[in-house]
Amino acid sequence: MVDCPAEAPERSQRLVNLGRVTLFVVYLIQVCLFVSFLVKHLHNYAYIAWFAWFIPAFVLFCYLFCKGAKPYADNDKAIRGVWITWGLYILALVVTVVTIFATFAHKLTGITGSDNLSINGLVGTLCLTPVLLILLLQLTISPSYQKPVLLSSLFVALNLFDGIKMLEMFLAQNEADFDLNMATEVFIILFACCCFILSPVRLVRTKFMAYGTVKARKATSSGVVILEIFLINLPFLVLRCVIWGKYEAAIFMAKNIVALVIGVIEFLVLKGILKWGGNTTGEHDVEHT
């Protein structure tokens, strides 16, 4: 099948413009809050320049919205620019998260919730990330691909919330009156960052074809499934089991178990080991790349 632009249904320009404004406002709020956390808790106004980490993604945001006659990405090559944009944002996010949790995150655990730059403030700031993801994908990718894009973004958003919940366990130590050893804290931060880093990787599983059709890249999908098993759901489940008596997270433990089962089944189907829907190889729905 020839990879050509999809014929997109009409969108309400007012709603599109409202969505774009919302995206930029949410992005600006999150960046400003991150900078505020760094300046306040590291007692150094030089961290105002931290916003520079988020400039490359912002520039690409603007490019995607203002690139000329085409208001959105409508083929596989153009959609790669969306993945790159999200990847640049995730790079800035991971650097910020590592800096915060390696320096003053423990101090936040002793601050009351009335302070906007405390535990609740930081968790709320992180929770803006899945919002940005969904807005970005819905506003930059052709509406012809709306259903598969929405499905992918929801799965990625769920993983992002899972990673944020892991970081919340780190922050809740004083409030919940428990202590984590150094190794557990390091693993929480490490695997939470892996979860964030894998979000743009998961998005490249899908190849966008002509006329709004999509199919999975077989080799890429198999690799992503393995990475999600061993870098997200399995370590998160183990960590939650280790600290179960101190901090319960039954809902996300169930999520990790379900995701592990689905991941194993999906990997076996992609490898042709397990028959699913009468197609053992997925050759009609899957590309070998």
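Why is helix α5 (residues 119-126) largely enclosed by the rest of the structure? Six of its eight residues are buried, so the rest of the structure largely encloses α5; buried here means under 20% relative accessible area with a 1.4 Å probe, protein chains only. Bear in mind that this is a predicted model, where local features need pLDDT of at least 70, side-chain atom pairs count only at pLDDT 80 or more, and totals for chains, interfaces and linings use all residues. Residues are numbered from 1 along each chain as its sequence is written, and side-chain values use heavy atoms, leaving out hydrogens and water.

**Overall build**
- The protein comes to ten helices and three strands, taken as DSSP runs numbered from the N terminus (helices H or I, at least four residues; strands E, at least two).
- Going along the sequence, you get α-α-α-α-α-α-α-α-β-β-α-α-β.
- Of the 289 residues, 48% are buried.
- Among contacts (heavy atoms within 4.5 Å) between residues at least 6 apart in sequence, 76% join residues at least 24 apart.

**Helix α5**
- The buried residues of α5 are I119, G121, L122, V123, T125 and L126.
- Those buried residues pack against α1, α3, α4 (105-108), α6 (128-140) and α7 (146-171).

**Helices α3 and α8**
- Helix α3 (residues 76-103) packs against helix α8 (residues 182-203) at an angle of about 175°, with the axes 9 Å apart; axes are lines fitted to C-alpha atoms over the stretch in contact, and angles run from 0 to 180 degrees between N-to-C directions.
- That angle makes the pair roughly antiparallel, a label for angles over 145 degrees.
- On the α3 side, the contact uses W83, W86, G87, I90, L93, V94, V97, V98 and F101.
- From α8 come I189, C193, F196, I197, S199, P200 and L203.
- By class, this contact has 14 nonpolar, two polar and no charged residues; Ala, Val, Leu, Ile, Met, Phe, Trp, Tyr, Cys and Pro count as nonpolar, Asp, Glu, Lys and Arg as charged, and the others, Gly among them, as polar.

**The second largest pocket**
- This pocket has a volume of about 170 Å³, which is the space filled by probe spheres set on grid points joined across faces, edges and corners.
- A pocket is an open set of points on a 1 Å grid over the protein atoms alone, where a 1.4 Å probe fits, with protein on both sides within 12 Å along at least five of seven lines; lining residues have an atom within 4 Å of a point.
- Its lining is F24, Y27, L28, V31, C32, V35, F51, F54, I55 and F58.
- The lining splits into ten nonpolar, no polar and no charged residues.

Methods: Parallel < 35°, antiparallel > 145°, perpendicular 65-115°, else oblique. Buried < 20%, exposed > 50% of the residue type's maximum accessible area, 1.4 Å probe, protein only.
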